Amino acid sequence: MDKFDVLKKYFGYSGFREGQEALIDGILSGRDVLGIMPTGAGKSICYQVPALLFPGITLVISPLISLMKDQVQALNQAGVHAAYINSSLSESQISKALRLAAAGQYKIIYVAPERLETYEFLSFAKGADISMLTVDEAHCISQWGQDFRPSYLKIVQFIGQLGRRPVISAFTATATETVKEDIVCVLGLQEPDVLVTGFDRKNLYFAVETPRKKDSYVINYIGEHVSESGIIYCATRKNVDALYEKLCAEGIQAARYHAGLTGEERKQNQEDFIYDTRPVMIATNAFGMGIDKSNVRYVIHYNMPQSLENYYQEAGRAGRDGGKAECILLYSAQDVMINRFLLDNKEQNGEYTAEETEAVRERDEERLKKMTYYCMTPHCLREYILRYFGEKGAAYCGNCLNCLREFVEEDVTETAMRILSCIREVRQRYGINVIAGMLAGDDRAKLREYGMFSYRSYGILKPMREVEIKQIINQMLVEGLLFVTNDKYAILKITERAEIMSENDERVILRKPKEEPKAEKGAAGKKASAGTRRSDILNSRGLELFEQLRDLRSAIAKEENMPPYIIFADKTLVDMCVRVPFDKKEMLKVTGVGENKFNRFGERFLSCIREYTGGVREKFYFGEE
Ligand code: ADP
Ligand code: ZN
C-alpha cells in the first residue's frame with residue numbers, strides 16, 4: 001500500500017489537499033515536520049496516513065479530551081485501530097488500554113501531555129516500537145502563544161527517555177514567527193520541513209451586518225437556514241440566556257452553552273448539538289475548543305469578539321468539511337463598550353508584574369481596536385483578515401459582503417480636513433465623542449464643562465449630525481489617518497500620514513452601502529457566492545434524496561451511538577446524490593466513502609438510493625458536471 005491507497009481505503013478521498021502530500025512525504029522519508037495550516041485544512045490526515053504506513057505505533061499528543069475522543073471514534077469507524085489515554089478513563093481502563101497497546105493492538109494512540117511522565121505510560125513507551133510522535137496543537141508549547149500549556153514541556157523530556165528517537169511531527173493552526181521558532185526549538189525538531197499553507201478559508205463567506213434588531217435578524221436567518229447546523233456566539237452568559245429563550249419561544253431547536261451551566265447540562269447540550277438533535281448552538285466563547293463538528297454551516301457572532309484571533313478561530317468552526325459556510329458578525333457600537341468592560345474586568349494573572357500587566361492591557365486594546373476596524377471597513381473583509389495575520393490577500397475576494405454589495409462613494413476630504421484641524425486645535429487631548437459632539441455644535445453639559453464652546457472648531461460642521469461625523473472619523477481611523485490611544489481614555493491622535501495628506505493629495509472616500517430593497521435583503525450577495533450550497537447543486541428531486549439519505553444516516557448514528565458526521569459528511573451525501581451509485585464500485589467513487597465504511601454502511605445507502613430511484617438513473621443536480 002502507498003499513501004494514495006491508504007487515503008482512499010481508510011478515508012475515502014481520492015486526492016490530497018494543499019500541503020498534505022508534502023508533509024506526508026517528509027514524514028515518510030524520516031524527517032521531522034512542522035505543519036502550520038488553518039482549521040479545516042486537514043491536518044489530521046497528514047499524520048494519520050503515515051501512521052498507517054509506518055511499521056510501529058504513532059503517539060499523538062493532544063491537549064483536549066473531547067478532541068481525542070472524536071478523532072478516535074472517527075478512526076475506528078474508518079477501520080483504523082486507535083485508542084486514547086487520558087483522565088476520562090479509570091485507572092483500570094488505562095491499564096487495560098496500555099496492555100492492549102503493548103500487545104500491538106493500536107496503530108495510533110492519543111495521549112494527554114500529563115500522561116507522558118507517569119511511570120506506567122513511560123514503561124509502556126520504552127518497551128514499544130514507536131515510529132512517530134505527533135504533537136497536535138503544537139503552539140501550546142510556546143509561552144508566547146495564546147494557550148501555553150506547561151505540561152507540553154514534558155514532551156521533550158519524554159522523547160529523551162525513549163530508546164530510539166521517533167520521527168516527530170508537529171501541527172498547529174496558529175503560529176506567529178516567534179511561536180514557530182519556539183515550537184522548533186523547544187520541541188527539538190531536527191532540520192524539520194516547515195510548511196505553512198495560507199490562512200485563507202475560501203469556502204467561508206464573511207459579512208459584518210448592523211441590524212437594528214439583532215434578535216430578529218438571527219431568527220430570520222435561522223428561518224432561512226432550517227435543517228442546517230450553526231453556532232451563535234454571544235459576549236456574555238446573559239446574552240446567551242436571553243437569546244436562547246427567544247429562539248426556543250420561536251420553536252427553534254436550540255441548545256446553549258456557557259460556564260454558568262452545570263457540567264452535566266453542558267455535556268448534554270453539546271451532545272445534542274453534535275448529534276444534530278438541536279442543530280443550533282448559542283454559546284459564549286467557552287464553547288468550541290475541541291469541537292470538531294464538520295457540518296456547521298454558519299457561525300453568527302451576536303456581539304463583536306475581543307480580537308480577530310478569537311474571531312477567526314470561532315468563525316473558522318464553520319465549514320470544516322470544505323463546503324460553503326457563512327460567518328456573520330452582527331456589529332453595534334455598544335459591542336465596543338461591552339468589550340472594554342470585559343477588558344477592564346479581566347482577571348489578572350497573578351504572576352505578572354505591574355509593567356507586564358500594563359503591556360498585556362495595551363496589547364488587548366490594540367487587538368480590540370483592529371477588531372473594531374474590521375467591523376467598519378468598507379473594503380474586502382477577507383483581505384483585512386489575511387493582512388492582519390501577515391498574509392497578502394487580493395483586494396477583491398468575491399465572497400464577502402463588502403465585495404458583493406454596492407457602495408455609494410462620497411468624497412469627504414474637506415470634512416476630514418476640518419476634523420483634523422479641530423483635533424489639532426484641542427491639542428489632541430479628547431476622544432471621539434467629545435470631538436464629534438463639538439464639531440456638530442452640540443450643547444451638552446460635558447462639552448461646556450470642558451470649555452469646548454470657546455474653540456473656533458465648535459459647531460463648524462453644523463448641520464451635520466454627530467453620527468455622520470463619527471462615521472467619517474471611523475473611516476479615518478480605518479485608513480490610518482487617525483489613531484486612538486490604547487488606554488481607557490481612547491484619545492484621538494493624528495498620524496504622520498495625515499500630516500502629509502495634502503502634500504500627497506490624498507482623498508478620504510466614504511463608502512456607504514447602497515440601501516437594498518427590503519425584500520431582497522442579503523439575497524443578491526449570497527446568490528453570487530453560493531456556488532456550492534447544497535440547494536445550488538441539487539435540484540428538488542436531488543434534495544429530496546438527500547433528505548432520505550440524511551434520515552438514514554441519523555438512524556445509523558443512533559444505532560452506533562456516534563455523531564452523524566462521523567458516519568458520513570454532508571458533502572459525501574451530496575456526492576451520492578450527484579453520482580447516484582447503484583453498486584459497490586460506483587459507491588467507492590463517492591468522496592468520503594472508503595473501503596471500511598463501505599463494508600459497514602455502504603449497502604444500506606445503496607438500497608436507499610435504489611429504492612428512491614427505482615433503479616433508474618436520474619439527474620439530481622444542476623449544471624453539466
Ligand atoms: P484540521 O485538523 O486541520 O482542522 P481536519 O483534519 O479535521 O482539519 O480536516 C477537516 C475536514 O477535511 C475533515 O472532515 C477531513 O475529513 C476533511 N479532509 C481532510 N483531508 C481531505 C482530503 N484530502 N480530501 C477531502 N477531505 C479531506
Ligand atoms: Zn471580499
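Biologist: What spacing do the donors of the zinc ion (ligand 2) follow along the chain?
Modeller: They follow C-x16-C-x2-C-x2-C. Bear in mind that this is a predicted model.

Biologist: OK, and which residues are the protein donors there?
Modeller: Cys380, Cys397, Cys400 and Cys403, each through its SG atom, and they lie 2.3 to 2.4 Å from the zinc ion (ligand 2).

Biologist: Where do Cys380 and Cys400 lie relative to the helices?
Modeller: Cys380 is in the loop between helix H14 (354–376) and helix H15 (381–388). Cys400 is in the loop between H15 and helix H16 (401–404), so the pair ties together parts that are 20 residues apart in sequence.

Biologist: What's the arrangement around the zinc ion (ligand 2)?
Modeller: Tetrahedral, because the four donor atoms subtend angles of 102 to 117°. For reference, the ideal angle for four tetrahedral donors is 109.5 degrees.

Biologist: Are those cysteines buried or exposed? Start with Cys400.
Modeller: Cys400 is buried, at 0% relative accessibility. Cys380 is buried too, with a relative accessible area of 4%, and Cys403 counts as buried at 13%.

Biologist: Let's stay with H15. How many of its eight residues are buried?
Modeller: Six, so H15 is mostly covered. The buried ones are Leu381, Arg382, Glu383, Tyr384, Ile385 and Leu386.

Biologist: What covers them?
Modeller: The cover includes strand S8 (204–209), helix H12 (308–315), H14 and H16.

Biologist: And what happens just after H15?
Modeller: Gly390 comes there, with a positive phi of about 80°.

Biologist: Which residues other than glycine have a positive phi? I had Gln428 and Asn561 on my list.
Modeller: Both belong on it. Gln428 has phi near 50° and Asn561 has phi near 60°.

Biologist: Where is Gln428 found?
Modeller: In the loop between helix H17 (413–425) and helix H18 (432–440). Gln428 counts as partly exposed, at 22% relative accessibility.

Biologist: And Asn561, buried or exposed?
Modeller: Exposed, with a relative accessible area of 53%. Asn561 lies in the loop between helix H24 (540–560) and helix H25 (564–567).

Biologist: While we're on backbone geometry, which residues does the cis peptide bond join?
Modeller: Lys462 and Pro463, with omega about 5°. Pro463 sits in the loop between helix H19 (445–449) and helix H20 (466–478).

Biologist: I also marked Asn474 in H20. What does Asn474 touch?
Modeller: Leaving out residues up to four places away in sequence, Asn474 touches Met376 and Ile432.

Biologist: How are Asn474 and Ala112 separated?
Modeller: Their C-alpha atoms are 46 Å apart, and the two residues are 362 residues apart along the chain.

Biologist: New topic: helix packing. At what angle do H24 and H28 cross?
Modeller: Roughly 150°, and their axes come within 10 Å. The crossing is right-handed.

Biologist: Which residues make that contact?
Modeller: From H24 there are Arg541, Glu544, Leu545, Gln548, Leu549, Leu552, Arg553, Ile556, Glu559 and Glu560. H28 puts in Arg600, Phe601, Arg604, Phe605, Cys608, Ile609 and Tyr612.

Biologist: Where's Asn596 found?
Modeller: In helix H28 itself, which covers residues 595–613. Asn596 counts as buried because its relative accessibility is 19%, and the cut-off for buried is under 20%.

Biologist: What does Asn596 touch?
Modeller: Lys9, Tyr10, Ala78 and Gly79, again not counting residues up to four places away in sequence.

Biologist: Is Cys234 buried or exposed?
Modeller: Buried, at 5% relative accessibility.

Biologist: Last one: how many of the eleven residues of helix H3 are buried?
Modeller: Nine, so H3 (residues 43–53) is mostly covered. The buried residues are Lys43, Ile45, Cys46, Tyr47, Gln48, Val49, Pro50, Ala51 and Leu52.

Note on methods:
Residues numbered from 1 in each chain as written. Chains lettered and ligands numbered in written order. Predicted model: local features only at pLDDT ≥ 70, side-chain atom pairs only at ≥ 80, totals over all residues. Heavy atoms only, no water. Helix = DSSP H or I, 4+ residues; strand = E, 2+ residues; numbered from the N terminus. Buried < 20%, exposed > 50% of the residue type's maximum accessible area, 1.4 Å probe, protein only. Contact = heavy atoms within 4.5 Å. Donors = N, O, S within 2.8 Å, 3.2 Å for Na, K, Ca; no water. Tetrahedral: all angles 85-135°; square planar, octahedral: opposite > 155°, others 65-115°. Axes fitted to C-alpha atoms, helices over the stretch in contact; angles between N-to-C directions. Left-handed = near helix turned anticlockwise from the far one by under 90°.
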